[in-house]
Structures are given as C-alpha cells and as structure tokens.
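Student: I have just opened this structure and would like to learn how to read it. Could you take me through some of its features?

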Amino acid sequence: MTIISLYYLSFFVLFWVNRDNIQKSNVRYGQIILSFVLLFVFFGFRDITVLNDTPHYYAPVREKMARGASLGWFDIDVFSRIELGYQIFENFVAKLFSNPFAIIMVSSLIITLANINFFKKTKNGLFLCLFLMLNFQLILQYSAIRQGLAAAIIYYGFTHYFKGNWKIFIGSVLLATTFHITAIMMLLLLPLSKIHFNKKTIILFIISFFVIARYLIEPIVGIFSTDNQYLGVNEERESIPIASLMFSLLNLWLFYLSRKLSSKYHIEVNNKQWMYSAVCLLISFMDIVFPIIGRVSMYLFPVLVLTFVQVIMAVPERRYRDKTILSVFLVFFAWFITYNLVRPDWYNLYPYSFMNINNIFMDFYY
C-alpha cells in the first residue's frame, strides 16, 4: 500500500513544485512526457489481477488469438452483448499481437494519451487534473476497457464541442456508442448547452433528480442492461452505498469551489462546462439511489475536473489559491488511502503487481 500511496502522491508533488512555472514549451512537454510514463507504465503493464475487470477483457482476446488465422479483421457477432466497435477493436488486437496482455497495453496507451491530451492545456494544472482523476474515475477507465475507450473518444468530441463544433461531437458520440452503449446519453447534452447556467437551472436540476429517481431510473437501467442483474442487486440493498455517497460529495465540493471562486474573482468559464459539470453531479447523486448509474459520470467527471483546475489556476491570490488546493489535496488523498485500505475490492488496485508477460493465463474466463 505504501508504493500505491507514493505513486498517487507523486502526481500532486509534481504539480506542486511546478505550479508557478512559466509556460515555456520545454516545461510543458516535460510534464506531458513524465505524466505519460507514470500512467502508461503503471497501468499498461499491470498484472491481470490488478483492477476488477481486467480478466474479462483478457480471456476473449486470448481465445481470438488462438484462432487468429481464421479470424477476420471485421468479424462480428450481432447477437453478442459486446458492442460492434469494440468487437472489431478486439479483432485487430488479436491479429496484430500474439500475447493477450496486448489488450491491457493497447487500451492503456489510448486512454493515457486521451487524458493527457484533454488536460494538457490547463495552466500548469496537468498533474493536478490527473491527481483528481486517479482517485476513482481514471482507474475505472483503465479497468472497464470498453467504456474507457468510449470515454477517450468522447474526450475528442468535447475538445471540439467547447470550440463550437457540434458535428464532430455528434460523430464522436456515435462512434463511442459502438464501444459502450451508454455513450449515446451524451447526445442529451446538446439541448442542455443552450441553457444558461444560473440559480433557476439549479432548481431545474433538483426537480429533475427527484422525478428521475422516482419514475425513470429503473426503465433507464433496463434499456442499457443486457440482463436484470443490476435491478436485482439494487432491490436487495439495505444500506446507503457509501462509495457513491462519498464520490457525490467530492464532486459537489469541486463544483461548489469552482462556482465560488469563478464568481469571487470574475473568472470566465464556458457555459457548456458548467452545464455538463452540473449533469455530472446529477448522475453522481443518482448513483446513490441506484448504484451503477454513476458509471455514466466517467464521461462527465473529466469536465468537472477541467473546470475546477482552470478556475483554481486563474485565482490571482497565491496564498488563497494554494490554501484551497492543499485542502482539496488532503481530502482526496485521505479518501484514496481509506478506501484502498478498508475496501481494496472496489478496484483491486492494491496489492499491485506488474505483469509477467511470459505467462499466458488459462484459468480466467468471461
């Protein structure tokens, strides 16, 4: 656990020592390269036992590699619960590589590059963004590979949509949907972007929360589920999901700080970012009512993080800025240590081990 803690801590330390550097190109590129090495080596070369869903992606690639000669590049099973885009991606991995660990390395490479590209333009805030993401959502991306790849595609769409190009955003969402069906819900963001975020909007979101929680949440889960597993698990739950509650409160805190500081120091933020951050909050609190809904926030939490870091780095008072950042650091770091010690089964990040690439695991199935 000490190594995992130091690894997580290193992202904040690297941010802290570089937070006041002038944005010279060599400094910026150095941060990008170092963040790539830290993420890709750690997650791209993890063992099959690290992160919950890794075996579920390892096994089918292993089986496809066993029949690689007869496998077509675009062979698909239209009756499979796995989306067609991911099936094709899996085929390419199986035909281009001979070791099933390739699915871990290739997916980690794509997810790593997508996150760095999305956050790299923040003013010296790249490592802070990654530190906040690593607490839970970035780990989920590496674990749930299909949805992680969908999120990588959505990143590209957001980058262009914030600049006003909605056509690329729609195309990105549709492509992401072929990797994970939940990505289609991002199309609902298009009409929301026309609404100006204000106090009336907050009331609208609160009303929406109660309406969805009372009448719509089970039908929504039913649409995107291939079986009734999630419905059954939720009916049997007798206590509040602590993880969902904590993640929601952390999201709410980041959003509150962003609004407070942007108002106090007159920091301009794209209205789309406010709206999508608010949607992230709505989904997070929905996860308390029906755990699994929060998986959709994988697409939106990065926007909340981007908004917070952009705002906090624009605060002109250094002492107040540093004090706020340190407060956020302490809470996020304490929570990271707590759940990895008390409930390591949430992510199976600890105990950590690197892959033995010479060992082909045959006892993992999907």
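This is a predicted model: local features need pLDDT of at least 70, side-chain atom pairs count only at pLDDT 80 or more; totals for chains, interfaces and linings use all residues.

Student: How many helices and strands does the protein have?

Tutor: Helices (H or I, at least four residues) and strands (E, at least two) are DSSP runs, numbered from the N terminus. Here there are 16 helices and zero strands.

Student: What share of the residues is buried?

Tutor: Buried means under 20% relative accessible area, exposed over 50%, and partly exposed in between, using a 1.4 Å probe and protein chains only. Of the 366 residues in this protein, 53% are buried.

Student: At what angle do helices H5 and H6 cross?

Tutor: Axes are lines fitted to C-alpha atoms, for helices over the stretch in contact, and angles run from 0 to 180 degrees between N-to-C directions. Angles under 35 degrees count as roughly parallel, over 145 as roughly antiparallel, 65 to 115 as roughly perpendicular and the rest as oblique. The axes of H5 (residues 102-119) and H6 (residues 126-133) come within 9 Å and cross at roughly 130 degrees, which makes H5 oblique to H6. Asn 115, Ile 116 and Phe 119 of H5 make the contact with Leu 126, Cys 129, Leu 130 and Met 133 of H6.

Student: Are H15 and H16 roughly parallel or roughly antiparallel?

Tutor: Their axes come within 9 Å and cross at roughly 150 degrees, with H15 covering residues 301-314. H15 and H16 are therefore roughly antiparallel. Where they meet, H15 brings Phe 308, Ile 312 and Met 313, while H16 brings Arg 321, Thr 324, Ile 325 and Val 328.

Student: How many aromatic pairs are there?

Tutor: Rings of Phe, Tyr and Trp (its six-membered ring) pair if their centres lie within 6.5 Å; planes under 30 degrees apart count as stacked, over 60 as edge-to-face and the rest as tilted. A search of the whole structure finds 45 such pairs. In one of them, Phe 158 and Phe 162 have ring centres 5.6 Å apart and planes at 10 degrees, so this pair is stacked. Phe 158 is buried at 1% relative accessible area, and Phe 162 is buried at 16%.

Student: Why is the pair of Phe 336 and Tyr 339 edge-to-face?

Tutor: Their ring centres are 5.8 Å apart and their planes lie at 70 degrees, so the pair is edge-to-face. Both residues belong to H16 (residues 318-342), three residues apart, about one turn of the helix. Phe 336 is buried at 2% relative accessibility, and Tyr 339 is buried with a relative accessible area of 2%.

Student: Which ring does the charged end of Lys 95 sit over?

Tutor: A charge sits over a ring if NZ of Lys or CZ of Arg is within 6 Å of the ring centre and within 35 degrees of the ring normal. For Lys 95 the ring is that of Trp 73, with the charged end 5.2 Å from its centre. Lys 264 lies over the face of Tyr 320, at 4.3 Å from the ring centre.

How values were computed
Residues are numbered from 1 along each chain as its sequence is written. Side-chain values use heavy atoms; hydrogens and water are left out. Contact means heavy atoms within 4.5 Å.
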